[in-house]
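Let's take a friendly walk through a protein chain together. Keep the picture open while you read, and look for each place as it comes up.

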Amino acid sequence: MTGSSLAQTTGTAITLGGKTIHTVGKLPAVGTSVKDVSLTGIDLKDNSLADYKGNYVIMNIFPSVNTGVCSKSVRKFNEDAAGLKNTTVLCISKDLPFAQKAFCGAEGIKNVVMLSDFRTDFGHSYGVQIADGPMKGLLSRAVIVVNPEGKIVYQQQVPEIGQEPDYAAALAAIK
């Protein structure tokens, strides 16, 4: 079975402009413990998800900060995160840390942590790497909320790449 065929049977079907594509797997289920992986910060240092235990964590996962909906989700979570106590928003993409840093500087983004999956296996570990189609290799749009004990309390695989995540539902999982 080819990689794309395997993704069609084990991954999640989502759409890009109405055309079906697939992820390499499925999001971890609500109630499960978060898998610890390392991602690269804009300072090129490794950041472990375990570093954030003890806080609520919103993982805003997306293909690239250089697209309209992705940049909008980063700005929206940046605004909403400003008033949340004991909460960290991780914005995760395959973008290089240099691009993430430039985006944050240009947009005045200060309330989220930008992390890159450019040299890790986060996309595979969390089932969000796109397996086929023109965005193959990038991350799908998804949101995962983790409680201070490290358990997933909310997850959403956004069904259409061009659609925004359900911000209200993600934030409600914290309150």
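## Getting started

Helices and strands here are DSSP runs, a helix having at least four residues and a strand at least two, and both are numbered from the N terminus. With that in hand, you can look for five helices and nine strands in the chain. Please keep in mind that this is a predicted model.

Starting at the N terminus, the elements follow one another as α-β-β-β-β-β-α-β-α-β-α-β-β-α. The chain has 175 residues, and 49% of them count as buried. Take the contacts between residues at least 6 apart in sequence: 65% of these join residues at least 24 apart.

## The seven-stranded sheet

In what order do the seven strands of the open sheet stand? The order is β4-β3-β7-β6-β5-β8-β9, and the pairing is mixed. At the edges you find β4 (46-48) and β9; each has a single partner strand, so one side of each has no neighbour in the sheet. From one strand to the next, the twist averages 30°.

Strands of a sheet pair through backbone hydrogen bonds, and the pairing can be parallel or antiparallel. For a parallel example, look at β6 (residues 87-93) and β7 (residues 113-116), which pair over four bridges. Within this pair, Ile92 stands opposite Leu115 in β7.

Now find β1 and β2 (residues 19-22), which pair in the antiparallel sense over four bridges. Ala13 stands opposite His22 in β2. The two strands form a hairpin with two residues between them, and Gly17 in the turn has a positive phi of about 60°.

Is Thr12 buried or exposed? Its relative accessible area is 19%, and buried means under 20%, so Thr12 counts as buried. A polar atom of the Thr12 side chain lies 3.2 Å from the backbone oxygen of Gly25. Leaving aside residues up to four places away in sequence, Thr12 touches several others, including Ile21, His22 and Gln157.

## A buried charge

Glu160 belongs to the loop between β9 (152-157) and α5 (167-172).

Glu160 is buried, yet it has no salt bridge. The nearest side chain of opposite charge is that of Arg141, 7.8 Å away. A salt bridge would need a side-chain nitrogen of Lys or Arg within 4 Å of a carboxyl oxygen of Asp or Glu.

Phe98 lies in helix α3 (residues 97-107). Why does Phe98 count as exposed? Exposed means over 50% relative accessible area, and Phe98 has 56%, so it counts as exposed. Phe98 and Ile42 are 56 residues apart in sequence, while their C-alpha atoms are 6.4 Å apart in space.

Asp51 is in the loop between β4 and β5 (56-61). With a relative accessibility of 53%, Asp51 counts as exposed. Asp36 is 15 residues from Asp51 along the chain, and their C-alpha atoms are separated by 9.2 Å.

Technical notes: Residues are numbered from 1 along each chain as its sequence is written. This is a predicted model: local features need pLDDT of at least 70, side-chain atom pairs count only at pLDDT 80 or more; totals for chains, interfaces and linings use all residues. Side-chain values use heavy atoms; hydrogens and water are left out. Buried means under 20% relative accessible area, exposed over 50%, partly exposed in between (1.4 Å probe, protein chains only). Lys and Arg count as positive and Asp and Glu as negative; His and the chain ends are not counted. Two strands pair if DSSP finds at least two bridges between them. Axes are lines fitted to C-alpha atoms, for helices over the stretch in contact, and angles run from 0 to 180 degrees between N-to-C directions. A polar contact is a pair of N or O atoms within 3.5 Å; within protein, one must be able to donate a hydrogen and the other to accept it, and residues adjacent in sequence count only if both atoms are side-chain atoms. Contact means heavy atoms within 4.5 Å.
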